[in-house]
Structure formats: C-alpha cells, structure tokens
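The stops below are given in the order in which to select them.

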Amino acid sequence: MDALSNLDGQNLLMPMALDADGYFDRQCPSEDCRSHFKVLMSDWKGIFKDEAVFCPFCKHEAPSVEWNTEEQAKQIKSQAIGYISTVAMNHAVDVIRAAFKGTGSGFSSPVPHPNRKTQITVKVNAPGLAAKHIFVPITATEAFTLKVKCEECSAHYAVIGSGFFCPNCGHNSAEQTFDDALRKVGAKLDYTTLVRGAAKNANQLDEGELVARSLVETALSDCVSALQRLCEESFKRHFPSEAAPFNVFQRIDEASALWHRKLGIGYDNWLSDAQLQEMKMLYQRRHLLAHSEGMVDDKYLQKSQDNSYKAGQRIVVKEKDVRALIDYVSTIANGLKGAMPSV
Ligand SMILES: [Zn+2]
Ligand SMILES: [Zn+2]
C-alpha cells in the first residue's frame with residue numbers, strides 16, 4: 001500500500017504509436033459528437049495548448065488531456081493496471097527480502113531447528129533484479145487521406161469526409177468549407193449510381209430511385225448554400241464595417257451588383273450571358289424544390305424564363321444540371337478570391 005500510495009500524482013509516460021503519416025488519434029469528448037480525427041504528433045507537442053483543443057466537427061472545447069479515443073483510454077487503463085501490479089509485486093518482493101535479512105525475528109532465520117531435519121528454503125530475487133514494467137505503444141488507426149493545414153495557425157490535422165474547425169485555434173475557413181461542400185455535392189452525384197445498383201440488388205427499386213433523386217435535388221441546393229455562405233463570410237471578413245443585405249447572395253443579379261460596387265467586378269465578368277441565364281434558372285428550380293416541393297408555378301415561369309415547363313408540372317433535376325452549377329459557383333468563387341482586397 002505504501003508503494004501504491006507513492007504513485008499518487010505520478011505521471012506515467014506511455015508511448016503512442018502514430019499512423020504511417022505521423023498523425024495520432026483523437027476523439028471529441030462531447031457525448032453528442034464523439035467524432036474521430038487525427039492531429040500531426042509534432043504539432044500536438046509543438047503548438048497545441050494544454051488548456052483548449054477544439055473538435056473539428058462541432059467546435060466543442062476541452063483541455064488537451066480529454067481527447068483520448070475510447071480505444072486509447074482502454075489501452076491506457078490496462079497498461080496502468082499492469083504498471084501498478086508490477087510496482088506492487090516489486091514492493092512485495094522487497095518486503096519479503098527484508099524479512100529474511102535477519103532482523104531479529106525467528107522467521108527470518110534460515111537455520112533449521114536442532115530437533116528437526118526439515119529445512120525451509122525461501123528463494124528471494126537477487127537485489128537489482130526487480131521486474132521492470134515495459135509499456136507497449138498505444139496502437140494507431142490507419143492514416144486518413146483528407147489532411148488539412150489551418151490557414152491561421154498552420155496546425156495539421158486529418159479528418160474523414162470534411163471538418164469545419166481547426167482543432168488548435170478553432171478557426172473556420174470559409175474557402176475550406178466551400179471546397180468541402182462542393183466535394184460533398186460531387187460525392188452525392190457519384191453515389192446515385194451506387195444507390196440505384198444497391199437498391200436493385202435488394203429488390204427495392206422504388207426506394208433506390210427516391211434516394212437517388214433526393215441526392216441530386218439536395219445537391220442543387222447544396223451548391224446554392226455553399227456559394228451563399230462563402231460570399232457572406234468573405235464579405236464580413238473584407239468589409240467588416242458594412243452589413244450585406246439579408247440573403248442577398250441567394251439572388252444572383254443583386255449579389256453581382258453588390259460585388260461590382262465593392263470590387264469593381266462581378267459575375268458577368270466570369271460567366272457568359274448564357275451561363276448566367278442557366279445559373280439563374282437552376283437557382284429558381286432550387287427555390288421551387290425548397291418551397292413548393294418542386295411544383296412549377298407561374299412565378300417560376302416568369303422569373304426563370306424556363307419554357308420547358310408549364311404550371312402544374314414538377315421539375316426534374318438532372319445530374320448534368322448540378323454539374324453545370326458546380327462549375328458556375330466554382331468559377332465565381334475563384335473570381336472572388338482573386339478580386340478580394342488583402343485583409
Ligand atoms: Zn465534436
Ligand atoms: Zn488553426
């Protein structure tokens with residue numbers, strides 16, 4: 001018990017295995033999130049702060065000691081128990097050895113009783129041969145392909161799919177979020193074929209078609225939201241003293257006019273009239289999907305100048321429509337990036 005109480009407050013240094021790229025596993029401690037991500041070990045040691053680490057997905061904030069994964073916590077616990085048993089065992093050996101050193105107690109004397117032929121032999125480990133505890137490195141998971149370097153603090157971290165916040169400084173990059181959103185849109189389109197195939201194999205053609213159609217329709221709306229958010233954040237960052245009109249970046253002509261006023265350049269500098277016309281029509285279709293389940297009405301026909309539908313029909317969103325919109329919003333994003341004044 002003495003030996004164990006000496007362990008109180010002692011730090012045990014356990015080696016951590018890293019993945020092939022030098023990253024190690026972290027997990028958000030928030031019960032609602034528990035998302036996994038990775039941090040480059042040299043950054044974790046060099047630039048991360050003890051008092052606060054942020055979750056890349058939910059921005060939960062907690063001290064650096066709280067980010068072990070469930071698997072790491074399990075391994076750390078079992079290794080700590082192993083270490084404590086070794087310490088206790090060594091201490092027990094010391095106590096037994098001391099007892100046999102001839103400290104006056106009859107028990108310590110190995111000399112046999114004169115009337116008996118029996119002899120008790122107690123073997124005690126030689127001094128210096130106390131068992132040493134060896135920590136096995138805490139295992140690491142496979143490397144993630146998506147690696148991010150924070151534009152603010154240069155911390156390196158890795159996520160699956162996409163992350164929104166730097167785990168070191170909590171920064172959210174509008175450009176990064178935009179790129180991730182467009183990757184998500186591309187992935188949705190790519191997966192429609194897979195979904196239809198899987199549904200066919202499971203004899204669930206109807207469900208497969210519903211899911212595939214929903215992926216394409218939400219992809220259209222994702223493109224609009226992605227550009228809107230990028231514009232809002234860029235505007236806030238570069239023109240902090242002025243508030244942009246509410247939802248102005250959902251309206252193409254007004255948004256372009258606003259950028260013309262602020263930057264002297266707008267959407268018509270980067271897209272042709274025909275492209276802008278198609279973009280406006282796709283924005284109107286997205287509006288229909290969001291507000292009237294895709295049912296064509298007179299307002300839509302008048303605003304979009306789309307003569308391929310009559311009122312009462314439901315619009316059909318094609319994969320090629322979404323791919324065209326990805327192109328347009330990417331072109332605008334690139335144009336804006338080049339035209340922004342430096343902060
Ligand atoms: Zn989280
Ligand atoms: Zn950062």
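This is a predicted model: local features need pLDDT of at least 70, side-chain atom pairs count only at pLDDT 80 or more; totals for chains, interfaces and linings use all residues.

Start by selecting Arg285 and Asp306, which form a salt bridge with their closest N and O atoms 2.8 Å apart. A salt bridge here is a side-chain nitrogen of Lys or Arg within 4 Å of a carboxyl oxygen of Asp or Glu. The two residues link distant parts of the chain: Arg285 sits in helix H8, Asp306 in the loop between H9 and H10, and 21 residues separate them. Helices (H or I, at least four residues) and strands (E, at least two) are DSSP runs, numbered from the N terminus. Both Arg285 and Asp306 are buried; buried means under 20% relative accessible area, exposed over 50%, and partly exposed in between (1.4 Å probe, protein chains only).

Residues are numbered from 1 along each chain as its sequence is written, chains are lettered from A and ligands numbered from 1 in the order in which they are written, and side-chain values use heavy atoms, with hydrogens and water left out.

How many salt bridges does the structure hold? There are 20. Select Arg314 and Glu217 next; their closest N and O atoms are 2.9 Å apart. This pair also links distant parts of the chain, with Arg314 in the loop between H9 and helix H10 (319–339) and Glu217 in helix H5 (residues 205–238), 97 residues away. Arg314 is partly exposed at 31% relative accessibility, whereas Glu217 is buried at 15%.

Then go to Glu71 and Lys74, a salt bridge of 3.5 Å, N to O. These two are 3 residues apart in helix H3, so about one helical turn separates them. Glu71 is partly exposed at 39% and Lys74 is exposed at 56%.

**The zinc site**

Select ligand 2, the zinc ion, with its protein donors Cys150, Cys153, Cys166 and Cys169, whose SG atoms lie 2.2 to 2.3 Å from it. Donors are N, O and S atoms within 2.8 Å of the metal (3.2 Å for Na, K and Ca); water is not among the atoms, so sites may look incomplete. The site is tetrahedral, with angles of 100 to 116° among the 4 donor atoms; four donors count as tetrahedral if all angles lie between 85 and 135 degrees. Along the chain the donors follow the spacing C-x2-C-x12-C-x2-C. Cys153 lies in the loop between strand E5 (146–149) and strand E6 (156–159), and Cys169 in the loop between E6 and helix H4 (174–201), so the pair ties together parts 16 residues apart in sequence. Cys153 is partly exposed, at 22%, as is Cys169, at 30%.

**The second largest pocket**

Finish by selecting Gln250, Arg251, Gln284, His287 and Lys303, which lie nearest the centre of the second largest pocket among its 20 lining residues. On a 1 Å grid over the protein atoms alone, a pocket is an open set of points where a 1.4 Å probe fits, with protein on both sides within 12 Å along at least five of seven lines; lining residues have an atom within 4 Å of a point. Which helix gives the most to this lining? H8 does, with 9 residues.

Note on methods. Four donors count as tetrahedral if all angles lie between 85 and 135 degrees; four count as square planar and six as octahedral if opposite donors are over 155 degrees apart and all others between 65 and 115; anything else is irregular.
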